[in-house]
Every structure is written in structure tokens, then in C-alpha cells.
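Here are my notes on this one, as numbered points. Have the viewer open while you read.

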Amino acid sequence: MFKMLRELHGVARLYERLFLDIIVSIFYTLFGGLLPNLHVPYRPLDGKVAIVTGANSGIGYQLSLDLARRGATVYLACRNVSKGEEAVQAINQDLDRSPNHVDSKAGRVQALQLDTCSMSSVKAFAARWTDEQKGKPIDILIHNAGISSTPKGQDVTEEGLGTIYATNFLGSFLLTNLLEPSIAAGARVVFTAAAGQYAGNLTSLLSSPGGVPKPSLFDKLLGRKTPDSQLYADTKLMQTAFASTLQQRWNRQPFAGKAMSAHAFMPGYVYTPIFSKTANLPIYVDPVWWALKAFMALSIPVEQGVATGLWLATTNELEVRRHGGSYWDRMTRRMSPAHLMDPGVLQRVWQCWERDCGARWE
Ligand SMILES: NC(=O)c1ccc[n+]([C@@H]2O[C@H](COP(=O)([O-])OP(=O)(O)OC[C@H]3O[C@@H](n4cnc5c(N)ncnc54)[C@H](OP(=O)(O)O)[C@@H]3O)[C@@H](O)[C@H]2O)c1
Ligand SMILES: *[C@@H]1O[C@H](CO)[C@@H](O)[C@H](O)[C@H]1NC(C)=O
Ligand SMILES: *[C@@H]1O[C@H](CO)[C@@H](O)[C@H](O)[C@H]1NC(C)=O
């Protein structure tokens, strides 16, 4: 009886922490611009190999630049290689300007083709990594590619997957699976997640194969569909849940001792082109996205937006090494609903991900 009460009390405490973290998160998202700047201690990364997805723009570009400035070899995985190459040029120009560049930077930053919404593109990328890059050990893998909504009429990919689901999440799930043998000891895998995860729903995936929501007859009649902001929030929760479950896998044999860790982070509300890439939605279609777009003035500069991710990818602090599988906001560990989910449910969701992309985790 007492044991049960104590357990109940423990669970209540966890929910209380989750509730407080949601409040903090809303505050940080809205007023990030008024908070003190984050500072990421400099750590040289010479000889380290990093892959960043969606690296030609916004947060992914800034992360790639910051990693390259610290001496890492950086692969920019982009859906449009010409855009990737333009980003490589811009990074090289920046490195040239920096006063203390001593190493030969030639070839240290490269663009590679990767379309995260296409599972065949993900497979081709992984195969090329094994062939052309000889399965080079990866020290930093940043899953950052993402979209907030889909262009009109492109809700489902050619492979029959929900486009937002495939782009923001499933591609990174399969990529991690295929690249796992190349992930170096001590490596960091980092997901650009979002506070939107607090509005996410993992279990809806159980009833929507391929991440394509099935509208009810009623919804069909009214021409209603799930708002993109909801689909987006779901993928952000998936990233957090995946980081946490992946960490549990890596804490077991044969990975235990390799000190690989996975983290999800919230960049803040960051000034990037993400919302300008799709049509302007009227307020009644997706009020959440409408409001965020309307309040662009509250967003923080991208140099600040990457701070937590850069820190997770590079720091040697015990706090980060010890707490693999966590969700972080402003360089602080926060609760996610994923951390309170029933392991059985998480396992079923994991099976959905495997089914949708054909991944097999041995
Ligand atoms: N901005 C924010 O306030 C905010 C807040 C929380 C989380 N985030 C997350 O941060 C991440 C980066 O977003 P951002 O704000 O930096 O926006 P962004 O500037 O639009 O960057 C997104 C990147 O992802 C790439 N991408 C999109 N679809 C892709 C695909 N199918 N395959 C490969 N790459 C693809 C984009 O390529 P193209 O240039 O070709 O489109 C671009 O390089 C996203 O995951 C987003 O959810 C952003
Ligand atoms: C790829 O990027 C280049 C350079 O920015 C642009 O001219 C081209 O239209 C893009 N291709 C596609 C398919 O979007
Ligand atoms: C998630 O979605 C499922 C099915 O669409 C629904 O039954 C469930 O109540 C939702 N959960 C939350 C927490 O909203």
C-alpha cells in the first residue's frame, strides 16, 4: 500500500515537472530574444567527421559553419546539391577570412545529395558512405532537415509516405539505422527537434500506416484535414522519443562502452526561411503556423538558435555525456512527454517506423 502511494507520488512529481517544463518552454519560445545570449565553449574538432542534414540553409547551415570553424570535416547532406555547393563556398570563404586558419581546408567541407523524404535516397546516401567514403567513422551526426508544411498537393511522397513525417523523421530513422556501423565511439547524434513536441501525438501513427492520416467520412465531407502544424509536432515528438529509445539501445551490449549518445534539442524560435517556403496559410487553416509567422519579430538570430545543438555536438561536459537520450532547451535538460510514455507503446511505435521505412535493427 505504502509502496503504491510512493510510486503514485513519484509519477505525480514527474508530471508536475513536465508541466513546469512546458510553461518554461512556451516562455522561452516567445521571449527568447529577451533572454541572455548562450555561450558555447570553444572546443577544437580537428580530425572529427560530421554530417549535417538540411545544411544549406538556416540552422543546418549555421551548425555546419560553426563545426567547420572548429576544424571538423563537414559533409552537408542536402536535397539540392547545387544549393549545398553554394553553402560549401560560403563556408570556405568564411574560413579564408578567419585569421587563424592554418590547415589546408581543401575538401574539408563537402556537399552530398540526400533527400530525407525519400527512403531510396537515404539508402543511396548510406551506400555511398560505405563505398566512396569507405565507411569513415562519423563523430557527429546532426539530423536537422525539416519542413513546417508541404507545398500544395504534396502531402504524400512518391513512396506513399506522409511528406512531413518522412522528411522530418523517418529519413533520419532509416539513415541512423544504415549508418550505425560507421558511428564512432564517443559520437554524438543530435536531432533538431522543437518545443512543438509538447503538442505531438505518437500513438496516432499506430492507426495511420505510412504516417498518412485517414480522415473520417465527416472530415472528408467538410474537406478537413490534419493541420500541418499537428503533423509537424508529431514528428518533433518522434525525434525526441527516438533519441531516448536509441540511447537505451546504445547503453546495452554490443554498444555499451562505445559511449555513443543521442540528444534532441529545441533551437528556440529562430529567424530562418522555414515558414516562407510554403504558401501563406489563412488563420482558419492553421492558426498555430499563422501566429508564428505573424510574430516573426520575436524570433532569435540563427547564431543563437544553434547554440544548444552545437554544444551537444561538441562539449565534453559530464552532464551531456551522462544524459544521453535527453531533450534540451537553452543548454538545459527538460522533460518530454516521450520520457513518460509506456515502454510497450514506444516499442509499438518503433515497429511502425521500421515497417514504414523497411529498417531492421539487429
Ligand atoms: N526556425 C525555427 O524557429 C525552428 C524552431 C524549432 C525547430 N526548428 C527545426 O530546425 C530545423 C531546420 O529548420 P530551419 O528553421 O533552419 O529552416 P530552413 O532554413 O528551411 O532549413 C531546413 C533545411 O532542411 C532542408 N530540407 C527540407 N526538406 C528536405 C529533404 N526532403 N531532404 C533534405 N533536406 C531537406 C532544407 O532544404 P531546402 O533549402 O532545399 O529547402 C533546408 O536546408 C527543422 O528541423 C525545424 O523543424 C526550427
Ligand atoms: C537547386 O538550387 C539551384 C541553385 O540555387 C536552383 O537554381 C535550382 O532551381 C534548384 N533545383 C531544384 C530542383 O529546386
Ligand atoms: C493521439 O491520437 C489518437 C488517435 O488519433 C487519439 O486516440 C489519442 O487520444 C491522441 N492522444 C493525445 C494525447 O492527444
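Predicted model: local features only at pLDDT ≥ 70, side-chain atom pairs only at ≥ 80, totals over all residues.

1. The side chain of Asn201 puts an N or O atom 2.3 Å from an oxygen atom of ligand 3, a polar contact (a pair of N or O atoms within 3.5 Å). On its own ligand 3 exposes 360 Å², and the protein buries 28% of that; areas are Shrake-Rupley values with a 1.4 Å probe.

2. Ligand 2 sits by Asn80, Lys83 and Glu86.

3. How many residues surround ligand 1? There are 29, and the closest are Ser57, Arg79, Tyr232, Thr272 and Lys277. Oxygen atoms of ligand 1 lie 2.5 Å from a side-chain N or O atom of Ser57, 2.8 Å from a polar side-chain atom of Asn56, and 2.9 Å from a side-chain N or O atom of Lys236. Taken alone, ligand 1 exposes 890 Å², of which the protein buries 97%. Helix 2 (58-69) and helix 7 are the elements that give two or more residues to this shell; helices here are DSSP runs of H or I, at least four residues, numbered from the N terminus.

4. Helix 7 also turns up in a helix pair. Helix 7 (residues 228-250) packs with helix 12 (residues 343-357) at an angle of about 105°, their axes 11 Å apart. The axes are lines fitted to C-alpha atoms over the stretch in contact, with angles running from 0 to 180 degrees between N-to-C directions. Helix 7 and helix 12 are therefore roughly perpendicular, a label covering 65 to 115 degrees. From helix 7, Met238, Ala241, Phe242, Thr245 and Leu246 meet Leu346, Trp350 and Trp353 of helix 12, contact being heavy atoms within 4.5 Å.

5. An unreviewed UniProt entry places a "transmembrane region" at residues 18-35; such annotations may be inferred rather than shown by experiment. In the model, residues 18-35 are 78% helix and 0% strand, with the end C-alpha atoms 22 Å apart.

6. Housekeeping. Residues are numbered from 1 along each chain as written, chains are lettered from A and ligands numbered from 1 in written order, and side-chain values use heavy atoms, without hydrogens or water. Local features need pLDDT of at least 70 and side-chain atom pairs count only at pLDDT 80 or more, while totals for chains, interfaces and linings use all residues.

Technical notes. Polar contact = N/O pair within 3.5 Å; in protein donor to acceptor, adjacent residues only side chain to side chain. Near = heavy atom within 4 Å. Parallel < 35°, antiparallel > 145°, perpendicular 65-115°, else oblique.
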